[in-house]
Amino acid sequence: MRITEHPILGEFNKGEKVKFYFDGKEMEGYEGEPIAVALKANGVMVHRYTQKLGMPRGVFCAIGRCTDCVMIVNGRQNIRTCVTPLEAGMDVKTQYGKGAKEAE
């Protein structure tokens, strides 16, 4: 299922199909659609884990007001994926607390 309209951003103009990476896995989406839309279309529902309790979070408000959908995008933390447009080759990673998961 692909979201085709956003309450704040309006209707999406479907751009060119592009490849991007989520936690190292190659995925496809449409250029210009919010990253969260492309992730949902690929079956990804969890975007981050809370700092204190490690609880999973995903899209909640979908208008950039909360922080439930924040992820690491191209090395930058706390990017609101519900309002950030997808670009070809983006590297999107699950966020754990305030950043990346520490190596075990």
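Me: What counts as a helix or a strand here, and in which strand is Lys93 found?
Reply: Helices (H or I, at least four residues) and strands (E, at least two) are DSSP runs, numbered from the N terminus. This is a predicted model, where local features need pLDDT of at least 70, side-chain atom pairs count only at pLDDT 80 or more, and totals for chains, interfaces and linings use all residues. Residues are numbered from 1 along each chain as its sequence is written, and side-chain values use heavy atoms, with hydrogens and water left out. Lys93 lies in residues 91-93, which form strand β9.

Me: Is Lys93 buried, partly exposed or exposed?
Reply: Buried means under 20% relative accessible area and exposed means over 50%, with partly exposed in between (1.4 Å probe, protein chains only). Lys93 has 36% relative accessibility, so it counts as partly exposed.

Me: Which residues does Leu39 touch, not counting those up to four places away in sequence?
Reply: Contact means heavy atoms within 4.5 Å. Leu39 is among the residues with the most contacts inside the largest nonpolar core, which has 14 residues. Such a core is a set of buried Ala, Val, Leu, Ile, Met, Phe, Trp, Tyr and Cys residues joined through side-chain atoms within 4.5 Å. With that sequence limit, Leu39 touches Phe20, Phe22, Met27, Val44, His47, Met71 and Val92.

Me: What is the bridge partner of Met71 in β8?
Reply: Two strands pair if DSSP finds at least two bridges between them. β7 and strand β8 (residues 76-80) pair in the antiparallel sense over 3 bridges. In β8, Met71 is bridged to Ile79.
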